[in-house]
Amino acid sequence: MRCLIIEDERPLAIATAEALKEHGWVVDLAHDGRTGLSMGMQSDYDVICIDIMLPALNGYDVLKHLRAGEVWTPVLMLTAKDGEYDQTDAFELGADDYVTKPFHTSVLAARLSALTRRGAKERPAELAVGDLVLNPATHRVYRGSDEITLTAREFALLQHFMRHPEVVLSKTTLLEEVWDSNYPGADNVVEVYVGYLRKKIDAPFDVISLETVRGRGYRLVPVSSSGPTT
């Protein structure tokens with residue numbers, strides 16, 4: 001089996017590669033995001049292991065570009081145990097698994113082997129609610145023919161709504177599914193991000209698709225627009 005490890009901590013990368021080779025793996029190394037992305041796009045791997053904190057191009061962006069380039073190789077993300085990055089974001093961008101540092105190489109080898117048994121994932125289908133379209137692979141969103149730029153968290157929230165069209169989703173459910181049940185931030189974070197979404201997917205097009213259901217939560221309903229208002 002062939003693995004690409006994209007990790008900027010060279011001693012860790014080399015030690016991990018040597019340990020995997022003892023388990024019969026063929027391992028290639030890249031020590032920055034741009035090099036790793038190039039290798040991942042040009043060569044066939046059974047699995048790719050990506051650290052999040054990388055120079056030149058961070059791990060999230062490497063993963064995003066791989067999926068946008070229709071590379072469906074299973075990806076395992078390496079995350080700092082107490083890092084600021086949310087593992088949820090990695091999954092929303094198309095990661096298949098994650099391992100927190102520090103880790104034992106035997107555990108990593110087992111997780112990588114499990115991913116190779118699953119094989120490459122199929123290209124995700126686009127999600128559509130009315131004329132609002134979201135592509136999980138390319139991380140792009142359109143209202144009609146107009147592209148909408150979203151942050152990673154806004155994208156994750158919209159994707160959850162679009163996977164449950166016309167279903168009322170409570171703030172608690174959204175917090176648990178899109179953030180984390182132990183999220184330590186402000187209590188009104190869901191309301192804040194719903195507001196951000198409305199300003200991007202509704203207001204410019206003079207439509208109301210993201211509704212408030214008083215006392216219960218929010219729901220996304222299908223509408224069609226005639227384009228952004230001027």
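A residue is termed buried under 20% relative accessible area, exposed over 50% and partly exposed in between, with a 1.4 Å probe and protein chains only. The model is predicted, and local features need pLDDT of at least 70, side-chain atom pairs count only at pLDDT 80 or more, and totals for chains, interfaces and linings use all residues. Residues are numbered from 1 along each chain as its sequence is written, and side-chain values use heavy atoms, with hydrogens and water left out.

By the burial criterion, Glu 154 counts as buried, at 5% relative accessibility. Glu 154 lies in helix α6 (residues 152-163); helices (H or I, at least four residues) and strands (E, at least two) are DSSP runs numbered from the N terminus. The Glu 154 side chain forms a polar contact with that of Lys 200 at 2.8 Å. Such a contact is a pair of N or O atoms within 3.5 Å; within protein, one must be able to donate a hydrogen and the other to accept it, and residues adjacent in sequence count only if both atoms are side-chain atoms. Leaving aside residues up to four places away in sequence, Glu 154 touches Thr 149, Tyr 193, Tyr 196, Leu 197 and Lys 200 (contact: heavy atoms within 4.5 Å).

Strands β3 (residues 47-51) and β4 (residues 75-80) pair in the parallel sense over four bridges, and Ile 48 stands opposite Val 75 in β4.

Note on methods: Two strands pair if DSSP finds at least two bridges between them.
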